[in-house]
Amino acid sequence: MSKRVFIGCGSQPKNTRFDMRYLNGGDGSFGPDFGGATVFTNIRAGYLRECPNIGRLLRNLRFTLRGESEVMAGILERKLAPEAAAAEWLEANPAALKVWYEGVSTFDGRPALQESAPPPVARAARGFEPWVTRHKIPLGPAVAASIDYIKTHGKAFFAATSIVIGGSVGAVNAMLSGTPAWLLILLVAGLAWLLHRSIGLAIFIVAALLFIMNQGYWAATLETLALVFVSALFSTLMGVPIGIAAAHRPRLYEALRPVLDLMQTLPTFVYLIPTLVLFGLGVVPGLISTVIFALPAPIRLTHLGISSVPRPLLEAGDAFGATPMQRLWKIELPSARPMILAGVTQCIMLSLSMVVIAALVGAGGLGVPVVRALNSVQIDVGFEAGIAIVLLAIILDRVSRPRHSSVSR
């Protein structure tokens with residue numbers, strides 16, 4: 001039993017989407033029947049005697065290049081479900097069913113073509129849901145066209161952005177890698193002790209970093225630290241001024257709030273798609289996605305801190321003739337400092353979580369062994385890398401957390 005699928009072309013082949021007249025030669029170039037392919041289906045002995053109609057139907061099936069192109073155009077260009085695209089094509093080409101059902105009958109002997117008008121698939125496609133699907137709002141094509149336009153007209157901007165971001169991450173990573181490991185561990189532990197005056201925290205940091213080095217993830221940890229540092233720096237430099245401006249201008253914050261809500265509710269993988277398209281694989285799309293993902297935290301908490309400054313302090317500053325800039329630097333920022341630092345801490349933790357996911361687009365760091373372990377089901381590698389990420393997250397959280405918070409606990 002076989003079914004012939006005609007996918008070849010004549011001397012001047014046509015395609016519903018592309019002009020392919022440059023192809024020629026017919027059988028000499030494409031093979032017998034202009035490149036038609038015969039697909040054979042093996043069946044068990046006696047099957048055709050038991051189900052002769054199935055055999056006739058499969059022998060009668062013919063698919064042309066035009067028919068295939070029309071169905072695929074519905075699926076790829078108009079984003080129809082395969083069933084809806086096939087049903088739409090059958091409704092527009094009823095003659096195809098006549099050929100396919102030639103000699104095919106139902107169980108009681110009636111012609112199958114009469115019983116299948118309209119076909120079951122076509123009847124299902126006439127419901128409410130297929131109708132809505134066929135009239136799909138072209139959101140995806142519009143976004144794709146916008147990204148193509150941006151890519152075409154923003155090459156210089158994207159190149160400059162890639163140089164700045166890639167150079168920043170490379171410089172921080174080179175600085176960390178160039179520092180002797182023992183000295184870097186002592187510096188981090190000393191910084192923790194200076195900020196929190198906790199010997200236990202310093203000892204924990206030394207032990208955690210030595211454990212990460214022992215497991216063989218020291219270089220990956222330094223890459224992750226560089227990514228987190230640069231992304232948190234950019235997020236803070238943008239987020240804190242935006243938060244201050246939003247606190248002074250309520251209408252600005254009302255406009256920003258739905259955008260911030262959207263940024264915090266979108267799945268993390270969504271951020272990787274446009275940046276990957278615009279910048280390609282590498283550290284740049286991963287870091288930009290991380291900055292976008294972590295940016296709402298410093299904006300919201302800075303806005304909350306500035307908005308929560310006690311009114312008597314502001315009135316006292318105004319009474320002493322403070323200018324708006326003096327009031328900001330000497331009253332508002334000192335009063336909102338704990339809240340702003342909490343936003344920075346949250347920004348660092350969000351950056352770490354996103355940096356790990358950004359390994360999917362070539363960002364590097366501790367996310368690479370995690371992704372590799374997921375792809376190859378390496379439990380040992382995944383567990384080791386996961387423990388390293390957890391220890392690094394604890395270190396960053398404890399070091400960046402304001403001192404009064406740790407004392408209050």
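**Exercises on a predicted model**

Ile137 sits in the loop that joins α10 (128-134) to α11 (139-153); helices (H or I, at least four residues) are DSSP runs numbered from the N terminus. The model is predicted, with local features needing pLDDT of at least 70 and side-chain atom pairs pLDDT 80 or more, while totals for chains, interfaces and linings use all residues. Residues are numbered from 1 along each chain as its sequence is written, and side-chain values use heavy atoms, without hydrogens and water.

**Exercise 1.** Decide whether Ile137 counts as buried or exposed.

Solution. Step one: buried means under 20% relative accessible area and exposed over 50%, with partly exposed in between (1.4 Å probe, protein chains only). Step two: Ile137 has 69% relative accessibility, so Ile137 counts as exposed.

**Exercise 2.** Describe how α13 and α23 pack.

Solution. Step one: two packed helices are described by the angle between their axes and the distance between the axes. Axes are lines fitted to C-alpha atoms over the stretch in contact, and angles run from 0 to 180 degrees between N-to-C directions. Step two: for α13 (residues 181-196) and α23 (residues 379-400), the angle is about 35° and the axes are 9 Å apart. Step three: Val188, Leu191, Ala192, Leu195 and His196 of α13 contact Ile395, Arg398 and Val399 of α23, where contact means heavy atoms within 4.5 Å. Step four: these residues comprise six nonpolar, one polar and one charged; Ala, Val, Leu, Ile, Met, Phe, Trp, Tyr, Cys and Pro count as nonpolar, Asp, Glu, Lys and Arg as charged, and the others as polar.

Terms used
Helices (H or I, at least four residues) and strands (E, at least two) are DSSP runs, numbered from the N terminus.
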